[in-house]
Amino acid sequence: MFVDDIRDQFYDKVLHSRVLVLVSYDVDAICACKILQALFQCDHVQYTVVPVSGRQDLERAYLEHSEQLKYVVMINCGANMDILEVLQPEEHVQFFICDSHRPIDLFNIYNDTQIRLLMAPDEDDNIPAYEEVFRNEESDGDESGIESDDSTEPSGKRRRFDEATIERQIERRQKKRQWEDKRNKIMFEYTEYSYYGSSSAVVMHNLAWKMSKDTNDLLWWAIVGLTDQLLSKKIDREKYVSDVTELNRHVSRHNHRGEEEEDTVSINSMRISFTPEYPLPH
């Protein structure tokens, strides 16, 4: 499930435990990991970082480090697969996923015991409602045939009872088929395209900011992670400008200069500027 308070529901929970951090090889994931490492080192959190490049790597890394493990952080990996099905973890293990890959697996979204999604849902995610894709099978399982064999019931009454039972079963099966057809259509539309959401480095920087531990260095990692998404064509320029505008506010906050210093530039200051880039044919 998605977390409402990343500090309270994630960072404060892992603060006094050993944490396994599984990191994808892309630039955004590395930048997010650098920010998280800075926070962990500041609070003396014990952690192990393992780079992963696919599902097999993910399974291998988890099995190698799963002994006496309670918390796992996954950066730019894991969101678009059913983690509990893939890794088969113990019931006490909790996974904190910060991943820009979309769409997010619905089992991860609606699991409220072991899965915590650190990124906020995007407006374009169009996540189906729980009742549209998950169904209580208990009522469907009670479709036993005609079991009544009571010789004390008149044969005509038993026949009318049997006919009513069969009609209810047929109606129940028709509703179930209709629900399944609708579910298949919803799932097809939800998983038809893959795309990317907000930068994981930006998510981790927001965590640092909420803890009042953000610095120019951590801000720089967030800018690099977000810019890599643009240069790798994972997000469009509109999404980039929207996210970088928020980072620009942090740049101004960290690098504020008085009017008398307008014409001077400190070696420790930073600013974001936009330069048009013209793609050249290869």
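**Notebook: a first look around**

I started with the cysteines, and the count of disulfides comes to zero. A disulfide is a covalent bond between the sulfur atoms of two cysteines. I keep in mind that this model is predicted.

Cysteine 77 counts as buried because its relative accessibility is 11%, and buried means under 20%. Cysteine 98 is buried too, with a relative accessible area of 0%.

Next I turned to the backbone. Most residues other than glycine have a negative phi, and most peptide bonds are trans. With that in mind, I looked for exceptions.

Histidine 44 gave me one: its phi is positive, about 60 degrees, though it is not a glycine. I found histidine 44 in the loop between α2 (27-42) and β2 (47-52). Its relative accessibility is 71%, so I noted it as exposed.

Lysine 233 also has a positive phi of about 60 degrees without being a glycine. This residue belongs to the loop between α10 (216-231) and α11 (237-254). Lysine 233 is exposed, because its relative accessibility is 72%.

Which residues does the cis peptide bond join? I traced it to arginine 102 and proline 103, with omega at about 0 degrees. Proline 103 is placed in the loop between β5 (101-102) and α5 (106-109).

I picked out aspartate 5, which lies in the segment before α1 (6-14). Is aspartate 5 buried or partly exposed? It counts as partly exposed, because its relative accessibility is 35%.

Conventions
Residues are numbered from 1 along each chain as its sequence is written. This is a predicted model: local features need pLDDT of at least 70, side-chain atom pairs count only at pLDDT 80 or more; totals for chains, interfaces and linings use all residues. Side-chain values use heavy atoms; hydrogens and water are left out. Helices (H or I, at least four residues) and strands (E, at least two) are DSSP runs, numbered from the N terminus. Buried means under 20% relative accessible area, exposed over 50%, partly exposed in between (1.4 Å probe, protein chains only). A disulfide is a pair of cysteine sulfur atoms within 2.5 Å.
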